[in-house]
Amino acid sequence: YEVAAEVVEDGSVGGEAEKPRPAWERLVGPVLLPRGYPDSVSPDYLGFVLWNMLRHVLSSAYGVLGTQTMLLALGMGQSALALSTAWNWVLKDGFGMGVKIAITSRLAALVDLDPKKWRFYGDCVMTLGTAAEMATAFMPQYFFALASLGNIFKKGADAATGPSYRVFLNSFAINSNIGDVSARAEAQVVIGNLIGLGLGVAISAAIGVNHPDKAVQAYIILAVVHAYCTWQSLHGTQLRTLNWERLQVLIDGYLESGQVPSVALVNETESIMGFGKPRYSEIEVGGSIGDYVDDAEHATRLFDMYRDEKYILVNSKDTVGILLHRDATAQDIVLAMLEARYFLASAKKVCSNGSDEVWERLEASHNFVRRRAKRFIDELKGHGWELDAVLIKMRSSRYSFSEQ
């Protein structure tokens, strides 16, 4: 037989040319539209977005009027100072909104991959925003710069915490009741904010206006407790989707015990902070055969070994690559990751590419997964893991092969 490799780039299927998009879509798409639009959303998505954006434009407009009115009501009158202060306040908010748009376009895909981490990071940045605002009491000559910096931090935090919060709501709504869950969440937020406002007023009244040092001390205490509450809320949330961290924790447990760990156990074990390199960063998902193999005989042998699978495992020096067939599903990716992990566990150090020992380990790893594939997937489903998608970074290249 003859093996032919076809690389499918940029997410296209079977090498088909991408449909031309309207000019407006190419212009605003990377920032305002989700990946894969319009095929990735329902037909009513665009109408909702247009009306909702207009709604925000109008609300922001009368919000500016409201801010100016409040400043005038504080006794400033219609002086030049009042108008200047109002415009400075508006510009401060404008800078923050601009930063939020820029950050949101970059974080959109990353938040889906690790919502817990970005939720925690966002809350930390929000705390820094408040710190910048409080610094204005000690450096009033830099009021506009510090207030703008604080607002930028807070808007940037919103870009991370908002989308991640919605991921959690979707996870909670197990009976297709996301509307009800979201409505209750709004009520919870309002009640929490009202209580917080009352607490803040009480603390402020107790401290007085002439003791900014005591205000800083109170702020530090509240910030530490706030971070602890955020950590606890994330630690107790049980996401059933598989991202890189949860998938590695799950496979760790399976290789150690032979049993698929529960959703609760994996979520308790996973790292929320996510500092440094992710675990098993030597595993790469996606790419083409040419990235790892430059020998035709070697490539043919790999295709022969994996002809019945939707993935290929290939070893190149210090990297283990998972090549994906164009029809590979999330379940195929999970099985490929299990095989890659078993392959790495079979030796302390990855051997040189093409050696006899590597081939023996590849065959042993492949046979290990083939014998357990059905039971492994069934156990995942039985524990409630969602296998519609695997939320990990991967290169877009896919392969196909045919016999002649």
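The model is predicted, so local features need pLDDT of at least 70 and side-chain atom pairs count only at pLDDT 80 or more, while totals for chains, interfaces and linings use all residues. Residues are numbered from 1 along each chain as its sequence is written, and side-chain values use heavy atoms, with hydrogens and water left out.

Val260 sits in the loop between helix 8 (244–257) and helix 9 (263–269); helices (H or I, at least four residues) and strands (E, at least two) are DSSP runs, numbered from the N terminus. Is Val260 buried or exposed? Val260 is buried, at 4% relative accessible area. Buried means under 20% relative accessible area, exposed over 50%, and partly exposed in between, with a 1.4 Å probe and protein chains only.

What does Val260 touch, leaving out residues up to four places away in sequence? Its contacts (heavy atoms within 4.5 Å) are Leu250, Tyr254, Phe376, Glu379, Leu380, His383 and Trp385.

Next, the core. A nonpolar core is a set of buried Ala, Val, Leu, Ile, Met, Phe, Trp, Tyr and Cys residues joined through side-chain atoms within 4.5 Å. The largest one has 53 residues, and those with the most contacts inside it include Leu250, Phe376 and Leu380. Several elements supply at least two residues each, among them helix 8, helix 9, helix 10 (296–305) and helix 12 (356–382). Helix 11 gives the largest share, ten residues. In general, nonpolar side chains tend to be buried together in soluble globular proteins.

Now the aromatic rings. Rings of Phe, Tyr and Trp (its six-membered ring) pair if their centres lie within 6.5 Å; planes under 30 degrees apart count as stacked, over 60 as edge-to-face and the rest as tilted. How many aromatic pairs are there by this rule? The count is six. One of them is Trp118 with Tyr121, edge-to-face, with 5.7 Å centre to centre and 85 degrees between the planes. Trp118 and Tyr121 are about one helical turn apart, because they are three residues apart in helix 4 (residues 115–134).

Phe303 and Tyr399 also pair edge-to-face, at 5.8 Å centre to centre and 70 degrees between the planes. Phe303 is in helix 10 and Tyr399 in the segment after strand 5 (390–391), so this pair ties together parts 96 residues apart in sequence. Both Phe303 and Tyr399 are buried.
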